[in-house]
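Subject: Structure handover

Hello,

Here is the structure for your next look. Notes on what turned up follow below it.

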Amino acid sequence: DEKTLPEGMIKITSIPSEADVFVDVIQKGKTPLSFPITIGHHKITIIKDGYVDYQKDVIVETNREILLIATLLQQTGYLRITSEPTNAEVFINNKQEVITPLDKKEYTVGKYEILLKKNKYEYYKKEIEIFYQYETTENIILEEKPGKIFITSIPSEADVYIDDNWTGKKTPYSDDNIPSGHHKIRLKKIEYEDFEEDAEVKPLEITSKIGVVLKKAEYIVSYE
């Protein structure tokens with residue numbers, strides 16, 4: 001005859017529920033659940049995606065019930081954000097956090113949308129993922145917003161070149177989408193000397209070259 005081993009009972013619940021339960025590496029089901037268990041020492045392991053594994057040693061006695069309530073802790077990782085320039089506003093999933101630099105900060109694992117804002121700079125947006133016990137680092141270089149150039153000449157109808165590239169337009173000339181920084185401006189017109197000058201374009205500002213007087217050329221240059 002088979003010998004029946006003495007048993008006790010164990011009842012397991014977890015917060016949150018629907019976690020996998022293992023007794024001595026044998027899977028028993030999902031929380032909440034209760035089942036008979038042989039007396040003696042056992043290792044209870046409770047596992048759920050996105051949560052830290054829960055483990056507990058129990059001693060089961062004959063005809064006794066063990067009640068185990070496991071509060072599972074969410075898995076977390078870390079995020080660090082720096083920007084050039086600094087002092088940019090940081091939004092995580094549309095919620096404002098701090099300004100850069102964002103020192104090592106703890107977040108639950110998962111995907112997040114980060115958004116950086118700074119006056120006169122383009123918004124920076126990116127989806128990142130936080131992994132368990134891992135530090136995600138974002139080193140972000142912000143791009144300045146463009147500025148505007150306005151140029152007139154005497155006489156008008158001079159071809160406009162920006163950084164040696166023909167714009168396809170003539171004076172009077174206006175462009176409100178010029179990258180910030182230093183640019184070389186050149187005006188060309190038949191029977192006149194080329195006009196050339198450096199200009200600094202600043203974000204959201206207008207750089208004007210008004211009334212540039214073109215000088216008559218001593219000899220005629222053909223652009224054909």
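Please keep in mind that this is a predicted model.

Strand β12 covers residues 110-117 and strand β13 covers residues 124-130. The two run antiparallel and share 7 bridges. G110 sits opposite I130 in β13. I114 faces K126, also in β13. Between the two strands of this hairpin lie 6 residues. One turn residue to check is K120, with a positive phi of about 75 degrees.

Next, the other partner of β12. Strand β9 spans residues 89-92. Its link to β12 consists of 4 bridges, again antiparallel. For a reference point, take E89, whose bridge partner in β12 is K117.

Now the whole sheet. It is open and has 4 strands, in the order β10-β9-β12-β13. The pairing is antiparallel. The edge strands are β10 (95-99) and β13. Each has a single partner strand, so one side of each lacks a neighbour in the sheet. From one strand to the next, the twist averages 30 degrees.

One general point for when you look at the faces: side chains in a regular strand alternate between the two sides of the sheet.

If you open one region, which strands form the hairpin with K120 in its turn? They are β12 and β13.

Best wishes

Technical notes
Residues numbered from 1 in each chain as written. Predicted model: local features only at pLDDT ≥ 70, side-chain atom pairs only at ≥ 80, totals over all residues. Heavy atoms only, no water. Pairing = 2+ DSSP bridges. Axes fitted to C-alpha atoms, helices over the stretch in contact; angles between N-to-C directions.
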